[in-house]
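Me: I am new to this structure. Can you show me how to read its features, one at a time?

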Amino acid sequence: MNKEFYEYIFTKHQKTEAVPSNKEIAGWALGLIRILYPEQSKSFFYSIHDIEVEVKALEIKLKEIMDSTRACEDCNNEQTAREFFNQVPELYRILNTDISSILSGDPAAKTEFEIIRAYPGFYAISFFRIAHALLKLDVPLLPRILTEFAHSKTGIDIHPGATIGEYLYIDHGTGIVIGETSEIGCHVKLYQGVTLGALSVEKTMASKKRHPTVKDHVVIYSGATILGGDTIIGKNSIIGGNVWLTKSVPPGSVVYHETQFKVVERKL
């Protein structure tokens, strides 16, 4: 490599702003989750005051992280951090609906403790709910870092811009993709390998709705692919495994993929 190339790379390093590591940012989110759900924590609090102190420390840490990213010089990061933590009780309520949905819907789930501690679906949902709340407060960069961290851990890719209602049920989860402008209602069940994606669009459509809308009480089985911003899955519908769908379906629909199998008996 020649000297000019080294000089170019050096210049890039000088211009790049110091951003906390993804691990540090995710560690902040995990700290919040572990306060809300001691099933994930080794910490023990001896008084309510101890919890208040820990929550305040996380609020200060969030401000420091936002200050460090320097993504928004005009933002009041102290006020934003305060507004986020004012929403934590509601965030906790919604997360509890997700736990309830998994516990009631998955025959393999024995206890809430098991779901909170071991289920990748709940892990991904937790990070998404936090990231989405930050995005709604116009916090740059951090929401995507949080959901991509959860993606790397679980194989579940949920864009922080998606709109997702209460009682989300994710079973197994590996390979699920939920795009930025997806809208998901309440009491929706998603199985592994489901894609709520966009049809091939131009970059100029970035501000348009590009991903499907899934209404309340819909079940989407493994491997189904649903594409397009105009595609609406009506309430109480069932989308079967491996279905490829780019058109809307009315409420109460059952959509399935027909396949033919031929079994040939071998001579042993």
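Reply: Start with pairing: two strands pair if DSSP finds at least two bridges between them. Keep in mind that this is a predicted model.

Me: In which sense do strand 2 and strand 5 pair, and over how many bridges?

Reply: In general, strands of a sheet pair through backbone hydrogen bonds, either parallel or antiparallel. Here, strand 2 and strand 5 (residues 183-184) pair in the parallel sense, over 2 bridges. I164 stands opposite I184 in strand 5.

Me: What is the strand order in the open sheet?

Reply: The order is 2-5-8-11, an open sheet of 4 strands with parallel pairing. Strand 2 (163-164) and strand 11 (232-233) are at the edges; each has a single partner strand, so one side of each has no neighbour in the sheet.

Me: Which residues touch the most other members of the largest nonpolar core?

Reply: The general idea first: in soluble globular proteins, nonpolar side chains tend to be buried together. The largest nonpolar core here has 70 residues, and W28, F84, F127, I130, I220 and I239 touch the most other members. Helix 7 (residues 120-136) gives the most to this core, with 10 residues. Leaving aside residues up to four places away in sequence, F127 touches A26, A29, L30 and I33, and also L146, T147, F149 and A150.

Me: How do the axes of helix 7 and helix 8 cross?

Reply: The axes of helix 7 and helix 8 (residues 142-154) come within 8 Å and cross at roughly 170°. By class, their contact has 13 nonpolar, 2 polar and 1 charged residues.

How values were computed
Residues numbered from 1 in each chain as written. Predicted model: local features only at pLDDT ≥ 70, side-chain atom pairs only at ≥ 80, totals over all residues. Heavy atoms only, no water. Core = buried A, V, L, I, M, F, W, Y, C linked by side-chain atoms within 4.5 Å. Buried < 20%, exposed > 50% of the residue type's maximum accessible area, 1.4 Å probe, protein only. Contact = heavy atoms within 4.5 Å. Axes fitted to C-alpha atoms, helices over the stretch in contact; angles between N-to-C directions. Nonpolar A, V, L, I, M, F, W, Y, C, P; charged D, E, K, R; others polar.
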